Amino acid sequence: MRTAAEFGEWVAAQSVAELAEPFTFVVGEDRALRLAPRRSEHVACAGGGRVLGAGEIAFVREERGWAVSEVSNQSTGYCPDIASWSEVARAIDRTGLVRPRGFTHEVVFRRCPGCQEHNIVREDDFVCVFCGGDLPEAWNVDSLAA
């Protein structure tokens with residue numbers, strides 16, 4: 001979706017139960033925001049294509065309309081860098097939604113140069129949980145995510 005009208009049509013079609021939990025999202029190379037039920041895979045939401053951002057997003061109805069209450073880069077399909085926020089923010093802004101100033105939950109992903117496994121870095125501990133090798137400071141995970 002690229003406009004407030006498109007978001008309005010989409011949100012009106014969602015059930016109360018669906019709106020109570022976060023959704024899977026991707027920002028495609030066309031910079032459109034795509035949403036799917038949380039149990040959906042990010043790669044399926046993107047149609048298998050490249051993305052500029054991916055994660056989970058939740059909405060809340062406020063007095064002035066809909067807003068983003070939570071947004072993360074949590075996508076083990078794409079493992080996007082936290083730097084993807086700028087593209088995510090622009091996609092949200094095009095829908096006319098009020099949003100946070102950044103990801104409300106940031107996930108730091110790295111691929112181990114030794115064993116090639118994907119890791120989630122916790123507490124700035126850049127050590128591979130699979131082989132104990134050092135993980136790079138710079139994002140290096142997925143060629144399909146920006």
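The sulfur of C128 lies 3.6 Å from the closest cysteine sulfur, that of C115, which is too far for a bond. A disulfide here is a pair of cysteine sulfur atoms within 2.5 Å. Searching the whole structure turns up 0 disulfides. C115 is in none, with C128 holding the nearest cysteine sulfur at 3.6 Å. C128 is buried at 4% relative accessibility. C115 is partly exposed, at 30% relative accessible area. Buried means under 20% relative accessible area, exposed over 50%, and partly exposed in between, with a 1.4 Å probe and protein chains only.

The model is predicted: local features need pLDDT of at least 70, side-chain atom pairs count only at pLDDT 80 or more, and totals for chains, interfaces and linings use all residues. Residues are numbered from 1 along each chain as its sequence is written, and side-chain values use heavy atoms, leaving out hydrogens and water.

Now the charged pairs. Side chains of opposite charge can pair when their charged atoms come close. A salt bridge is a side-chain nitrogen of Lys or Arg within 4 Å of a carboxyl oxygen of Asp or Glu. By this rule there are 8 salt bridges.

Start with D30. Its side chain meets that of R34 in a salt bridge, N to O at 2.8 Å. D30 is partly exposed, at 32% relative accessibility. R34 is also partly exposed, with a relative accessible area of 29%. The pair belongs to a network of salt bridges that links R2, D30 and R34.

Next, E56 and R38. Their side chains form a salt bridge with an N to O distance of 3.1 Å. Helices (H or I, at least four residues) and strands (E, at least two) are DSSP runs, numbered from the N terminus. E56 is buried at 16% relative accessibility. R38 is partly exposed at 38%.

Last, look at helix α4. What does R90 form with E87? The two make a salt bridge, and their closest N and O atoms are 3.2 Å apart. Both residues lie in helix α4 (residues 85-94), and because they are 3 residues apart, about one helical turn separates them. E87 is buried, at 13% relative accessibility. R90 is partly exposed, at 40%.
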